[in-house]
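Please look over the sequence and the structure before going on.

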Amino acid sequence: MSPTSTKDELRGRFTRWIVITAQNAQKNYLRIEDKRPKTVSIDEIDLPVTDTLMSEAGAISGSFDFAEQHLADAFRELPLMRRRILELLFVDELSPTEIAQKLHCSVQHVYNQRSLAIKRLRERLIKEREK
């Protein structure tokens, strides 16, 4: 065997190995992507314009006492997605799994947003109490 034919044979084996490796990597990537929850932009989600929690609780009519008014103000300052998750959890009494399906996000995202929202409300109420 001549040295050039050995190099061609090695190059051919390496080329075949690289092609198979790339195909397997692509298959693994697609398999992992299929398992991930699909994400949707917040603009694509149909969220009601009115604050259902505020209107149902009577915040608009002024029936809150002083402490409840602080809570309502703190709630209004939360980002829209966190407010919506709290509404679905505590007003509509949906499970985190149902909320995740409705908002097209993961269950862990619902838990994280709930935790962050409650933490923000608690911090705001403590700050108001110290004033």
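A residue is called buried when its relative accessible area is under 20% and exposed when it is over 50%, with partly exposed in between. By that definition Glu87 is buried, and so is Arg84. The model described here is a predicted one, and a search of the whole structure finds three salt bridges, one of them being the pair formed by Glu87 and Arg84.

**Salt bridges within one helix**

- In the salt bridge between Glu87 and Arg84, the closest N and O atoms are 3.4 Å apart, and both of these residues are buried.
- Glu87 and Arg84 belong to helix H4, which covers residues 80–91, and because they are three residues apart there, about one helical turn separates them.
- A salt bridge also joins the side chains of Arg76 and Asp73, with a distance of 2.9 Å from N to O.
- Arg76 and Asp73 lie in helix H3 (residues 66–77), where a spacing of three residues places them about one helical turn apart.
- Arg76 counts as partly exposed, with a relative accessibility of 35%, and Asp73 counts as partly exposed as well, with a value of 23%.

**A salt bridge between two helices**

- Glu77 and Arg124 form a salt bridge in which the closest N and O atoms are 2.7 Å apart.
- Because Glu77 lies in helix H3 whereas Arg124 lies in helix H6 (residues 107–130), this pair ties together parts that are 47 residues apart in sequence.

**Positive phi angles in the loops**

- Glu93 has a phi near 55°, which is a positive value in a residue other than glycine.
- The place of Glu93 is in the loop between H4 and helix H5, the latter covering residues 96–103, and at 66% relative accessibility Glu93 counts as exposed.
- His104, which is not a glycine either, has a positive phi of about 55°.
- The loop between H5 and H6 is where His104 lies, and with a relative accessible area of 44% His104 is partly exposed.

Methods
Residues numbered from 1 in each chain as written. Predicted model: local features only at pLDDT ≥ 70, side-chain atom pairs only at ≥ 80, totals over all residues. Heavy atoms only, no water. Salt bridge = Lys/Arg side-chain N within 4 Å of Asp/Glu carboxyl O. Helix = DSSP H or I, 4+ residues; strand = E, 2+ residues; numbered from the N terminus. Buried < 20%, exposed > 50% of the residue type's maximum accessible area, 1.4 Å probe, protein only.
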